[in-house]
Amino acid sequence: MAAAKTKNKIKRSVGDQIVQVLIYIFVGVFAVSTVLPFLYVVAGSFATEKELTQRAFFIIPHEWSLNAFRYIINDGAIFRGLKNSAFVTIVGTFVNMAFTTTFAYPLSRKYLKGRNFFMNMVIITMLFSGGMIPGYLLISGLGMLDSFASLILPGAISVFNMVIVKNFFQEIPTELEEAAKIDGCSDIGIFFKIILPLSKPVIASISLFYAVGHWNDYFNAMLYIRDPNKEVVQIALRRIVLLAGGANPDGSPIDFGEFGAPPEKAVKMAATVVSTVPILVVYPFVQKYFTKGVMVGAVKG
Amino acid sequence: MAKNAQPVVAGNRKSLWKQVYQQKGLYLLLLPGLIYLIVFKYIPMLGVVIAFQNFSPFLGFTGSPWVGFDQFKLFFTGNDFWMLMRNTLGISLLNLIFYFPAPIILALFLNEIRCSWYKRLAQTLVYIPHFISFVIVASLSYTLFNVNDGIIHEILLAITGKNIDILSKPQYFWGLIVGQSIWKESGYGTIVFLAALSGVDVQLYEAAKVDGAGRWRLMWHVTLPAIKSTIVIMLIMRVGSLLNTGYEQIFLMRNSLNVSKAEVIDTYVYTRGISGGQYSYSTAVGLFKSIVGMVMVLSADRLAKKMGESGLY
């Protein structure tokens with residue numbers, strides 16, 4: 001805070017103070033704009049359909065209603081989606097971390113024979129890729145269509161995340177490793193007993209990155225999953241948002257059958273709330289880690 | 001065990017095979033990742049051969065007839081090529097001009113804020129949209145912009161007196177996409193710049209102030225040079241992905257009304273390849289994109305090195 005103190009010593013001009021106030025206002029407005037839409041959606045999910053049609057924007061509903069949540073519970077699709085996404089996210093993140101950390105550790109050891117060759121193998125995949133169609137044909141050729149494996153294995157290592165982990169491993173003092181070797185510990189033992197326990201911040205932040213990626217994934221599920229029982233939450237959400245508009249994707253009206261037309265706007269909002277809550281619950285706990293994780297990644301390696 | 005110890009002592013030369021054998025544990029750890037890279041990255045790279053075939057899933061890679069560069073000719077001479085290039089480059093260049101500087105400006109502003117709780121609260125809020133899926137961003141956009149009761153639509157109606165249909169008029173599509181990107185990612189993008197800024201020596205600021213530098217001169221001569229190399233690295237990556245417009249975002253905002261400005265290479269490959277079953281043609285389109293992307297990253301990297309920056313590779 002030395003900078004703040006010296007700042008106060010020097011008398012500021014009026015113009016300078018106006019600029020300072022404008023900066024505060026600009027940052028404040030931008031920060032508020034990032035949360036206002038969510039506040040409206042949360043309020044709207046508890047509001048009546050009538051209020052949603054009458055008032056364009058509100059943070060607190062005049063009249064509270066749980067109809068939208070009743071509708072999505074009855075419908076069941078969003079909960080099936082939540083369950084499937086929870087599975088893909090948990091298993092997927094575990095697979096990601098297993099592949100990423102084991103691959104990053106040998107590459108972080110400068111004395112590894114053939115390290116340059118392996119690093120070049122990684123860099124080539126960053127520069128060039130086969131593209132969507134060969135990837136799709138591979139998944140279908142391996143018989144992985146309509147399986148959760150298709151959402152987990154093809155992205156098991158993100159090169160970007162792997163490099164962050166590798167850089168973190170490189171920062172760990174080599175004396176620890178040498179001492180363990182003298183005590184007769186193998187490379188694999190060092191990895192599990194020394195390196196991993198010392199890497200909690202990077203493991204936490206990279207796990208978060210992977211988990212958010214799995215939870216938010218829409219495109220891969222759209223490519224690879226056809227079975228409605230394996231629908232993930234983002235697909236279910238997209239379908240509800242489109243269908244609650246009262247039209248099929250092709251524009252024809254939907255026959256709602258015995259339930260009648262749903263409270264469409266509130267339902268969209270309730271579905272959005274239910275599928276976002278898991279991320280927003282985890283967010284405060286990992287926030288302190290991910291800034292660290294990104295900063296480590298900023299160190300070039 | 002002495003045989004497990006690494007040759008830390010200089011001059012302790014052993015045969016290559018012996019050194020490799022000593023590191024067998026490391027190679028074992030490397031193995032799952034290597035298998036992953038080969039199966040899911042390198043085999044699809046070989047799969048691009050179907051761009052030179054008339055691939056049919058029933059005949060397979062070996063049985064499908066070879067057609068040379070016919071698929072590429074079809075693409076380059078067809079009507080879609082210029083439409084795709086216009087949309088893809090249009091969105092990318094708008095992103096480069098407006099979205100790329102946004103996190104830098106926001107980071108510079110956050111850096112000027114001395115009130116620490118205000119700064120921390122602002123940071124916590126602006127990071128949030130990064131963790132929200134594009135499905136939700138698309139849904140929020142429909143809620144806010146739709147012509148029936150979207151609040152932003154009503155505000156625009158009150159100000160301009162015109163009925164502005166942002167969601168389905170093609171002329172607004174590029175702006176909508178860039179605006180979404182700025183809203184979603186510029187907060188999170190500040191992290192890397194703020195990290196670079198926190199490393200600036202306070203004495204530099206004090207010395208500059210003693211020399212009579214005002215706010216703008218401090219920003220120009222002290223703050224910006226401190227984050228210059230970070231900016232260059234981010235710029236290389238952005239230039240390299242100029243043809244990458246992101247599947248999900250555009251796919252989710254695209255509809256039958258705005259498709260003339262919304263079809264980009266990525267969505268086109270999906271529509272033609274996966275939905276249309278034209279595997280060879282869409283692979284050729286994808287391969288064109290990959291090659292142009294690779295050339296651009298390498299050139300940007302070379303250029304950065306010439307300018308005295310460290311570059312990426």
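Reply: In this predicted model, the axes of helix H8 (residues 134-145) of chain B and helix H9 (residues 151-160) of chain B come within 4 Å and cross at roughly 35 degrees. Helices here are DSSP runs (H or I, at least four residues), strands are E runs of at least two, and both are numbered from the N terminus. Axes are lines fitted to C-alpha atoms, for helices over the stretch in contact, with angles from 0 to 180 degrees between N-to-C directions.

Local features need pLDDT of at least 70 and side-chain atom pairs count only at pLDDT 80 or more, while totals for chains, interfaces and linings use all residues. Residues are numbered from 1 along each chain as its sequence is written, chains are lettered from A and ligands numbered from 1 in the order in which they are written, and side-chain values use heavy atoms, without hydrogens and water.

At the meeting of these two helices, Thr143(B), Leu144(B) and Phe145(B) of H8(B) are in contact (heavy atoms within 4.5 Å) with Ile151(B), Ile152(B) and His153(B) of H9(B). By class, four of the residues in this contact are nonpolar, two are polar and none is charged. The nonpolar class holds Ala, Val, Leu, Ile, Met, Phe, Trp, Tyr, Cys and Pro; Asp, Glu, Lys and Arg are charged, and the others, Gly among them, are polar.

Elsewhere in chain B, Ser92(B) belongs to helix H5 (residues 80-99). Ser92(B) has a relative accessible area of 4% and is therefore buried, a term for values under 20%, with exposed over 50% and partly exposed in between (1.4 Å probe, protein chains only). Leaving aside residues up to four places away in sequence, Ser92(B) touches Leu242(B), Leu243(B) and Thr245(B).

The setting also includes chain A: 97 residues of chain B are in contact with 99 residues of chain A. Together the two chains bury about 9100 Å², 76% of it on carbon and sulfur atoms; buried area is the accessible area (1.4 Å probe) that two parts lose on being put together, summed over both. Within chain B, the most area is lost to chain A by Leu29(B), Phe131(B) and Arg215(B), which together account for 8% of what that side buries.

Arg215(B) also forms a salt bridge with Asp16(A), whose closest N and O atoms are 2.9 Å apart. The rule (a side-chain nitrogen of Lys or Arg within 4 Å of a carboxyl oxygen of Asp or Glu) finds one salt bridge across this interface. Helix H2 (residues 24-46) of chain B supplies the largest share of the side that touches chain A, 19 residues. That side consists of 67 nonpolar, 20 polar and ten charged residues.

Thr34(A) touches Leu125(B), Val126(B), Pro129(B) and Trp183(B), not counting residues up to four places away in sequence. The side chain of Thr34(A) reaches the backbone oxygen of Leu125(B) at 3.3 Å.

Chain A as a whole has 15 helices and zero strands, and buried residues make up 50% of its 301 residues.

Key. Polar contact = N/O pair within 3.5 Å; in protein donor to acceptor, adjacent residues only side chain to side chain.
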